[in-house]
Amino acid sequence: MALTYQACLEATQVVLASGAVPTIVGEAGIGKSALVAELAVQRHAKLFTTVVSLVEKGDLVIPVPPLTADSFIQTEAYGSLADVQFGYSHTLVAMIRYAEAHPDQEIIWFLDEFNRGSQAVQSELMNLVLQRQINTLKLPAQVHLVLAENPDATMAGFSRSHYGVTPGDAAIADRTTRLVLEAGIRSWLSWATATVDGHPRINGLVTDYLSEHPQDLHVVGTDGLSDDDLQPTPRAWERVSRAITELQRQELLQNAAITAAIMQGNLGMAVGTTFASYLAQRRPGLTVTQAFTQADAVTTLTGLPSAQQQQVLRQCATDSDWPLTTDANAQRFSELLAVCPADGQFAIARELAAQPDVFEHLSAATNQPGVATLYQLLTNIGQRGSQIEV
């Protein structure tokens with residue numbers, strides 16, 4: 001049975017608590033790495049990651065000569081010989097050193113793309129998963145292993161899978177708990193719109209688009225029916241989100257050719273072209289910096305369509321570089337908000353109210369006239385909206 005992101009996160013917690021090793025199975029780009037990163041944050045654990053598909057045989061345990069003079073054997077006829085010992089990869093060394101320095105801190109070692117490694121590499125990792133040991137090195141008790149795999153055709157429900165994987169040893173499958181992750185649109189949007197450090201994980205232009213076009217979140221492996229070699233996976237949409245932020249920062253979002261090329265280069269031609277057209281209709285006519293600093297910003301905002309006005313205000317409200325508890329910022333935001341239609345005002349006020357402690361911080365700073373004006377405006381908008389909803 002496939003699990004949503006949140007359900008899989010909770011199930012992984014249970015598997016770890018039971019002393020077992022979870023194997024998270026899901027399509028490429030579906031969010032396995034993001035899930036493990038969030039797992040580490042929730043457990044206050046130090047995260048180390050090894051991408052198994054990039055590991056060669058011998059990378060984990062490398063025979064190297066010792067570095068002391070006593071480690072060399074001198075012969076009369078054949079010169080010097082090295083007494084070879086085992087060396088270990090940088091990640092493993094760093095993890096052991098961290099465990100020694102922080103004996104009470106939990107560690108998660110994430111073995112990503114496990115079944116895309118060669119059979120030889122998987123065999124090297126076998127003792128880690130099964131015995132928690134490589135040669136004489138034993139993993140500290142505080143280290144928890146988490147595996148991730150792409151589906152292969154031998155797995156139930158994935159008979160049409162196209163990934164180039166090396167099916168793991170039956171012992172691995174028998175000794176780990178397989179959790180199948182799906183990225184349904186509802187669970188992904190819930191994750192994407194959640195705030196981290198005061199900002200949504202994913203740019204609002206992306207989540208708004210996918211709310212209207214849920215079919216464009218690609219969550220299954222290509223089976224040869226698509227002409228595109230690129231797919232709009234959750235990972236691709238994350239890249240798009242970051243690209244939009246950078247395009248806005250460099251004031252290039254209005255450049256149709258650059259924007260379309262970047263969208264197509266992440267999402268494929270079909271979805272990339274459609275999304276670029278959507279951006280052309282929705283992109284803000286003001287950057288956050290322009291909205292707060294340009295003298296004619298209010299006039300410019302007045303001339304924009306309602307959807308673009310909301311997008312500008314949404315970005316202004318969530319940009320930590322321009323806090324609304326600063327008097328000048330609050331005054332300008334009030335002026336911008338006042339030119340929006342009533343429904344747009346209420347939508348922005350409701351989004352602000354959903355952010356943790358925003359109104360409390362504004363209330364605490366009402367000794368500043370600009371902040372007091374904004375606080376009263378938002379209060380009035382909220383009261384009007386509540387009366388309309390009733």
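How are H8 and H9 oriented to each other, roughly parallel or roughly antiparallel? In this predicted model, helix H8 spans residues 234–249 and helix H9 spans residues 256–267, and the two pack at an angle of about 160 degrees. Angles over 145 degrees count as roughly antiparallel, so that is the label H8 and H9 get. Their axes sit 9 Å apart, and the crossing of H8 past H9 is right-handed.

As for who touches whom, H8 brings Ala236, Trp237, Arg239, Val240, Ala243, Ile244 and Leu247 to the contact, while H9 answers with Ile258, Thr259, Ile262, Met263, Asn266 and Leu267. Sorted by class, this H8–H9 contact comes out at 10 nonpolar, two polar and one charged residues.

The class tally for H14 with H15 is five nonpolar, one polar and no charged residues.

Away from the helix pairs, Asn115 is worth a look. Asn115 sits in the loop that runs between strand S8 (107–112) and helix H4 (119–130). Buried means under 20% relative accessible area; Asn115 has 1% relative accessibility and therefore counts as buried. A polar atom of the Asn115 side chain lies 2.7 Å from the backbone oxygen of Asn150.

Methods: Residues numbered from 1 in each chain as written. Predicted model: local features only at pLDDT ≥ 70, side-chain atom pairs only at ≥ 80, totals over all residues. Heavy atoms only, no water. Axes fitted to C-alpha atoms, helices over the stretch in contact; angles between N-to-C directions. Helix = DSSP H or I, 4+ residues; strand = E, 2+ residues; numbered from the N terminus. Parallel < 35°, antiparallel > 145°, perpendicular 65-115°, else oblique. Left-handed = near helix turned anticlockwise from the far one by under 90°. Contact = heavy atoms within 4.5 Å. Nonpolar A, V, L, I, M, F, W, Y, C, P; charged D, E, K, R; others polar. Buried < 20%, exposed > 50% of the residue type's maximum accessible area, 1.4 Å probe, protein only. Polar contact = N/O pair within 3.5 Å; in protein donor to acceptor, adjacent residues only side chain to side chain.
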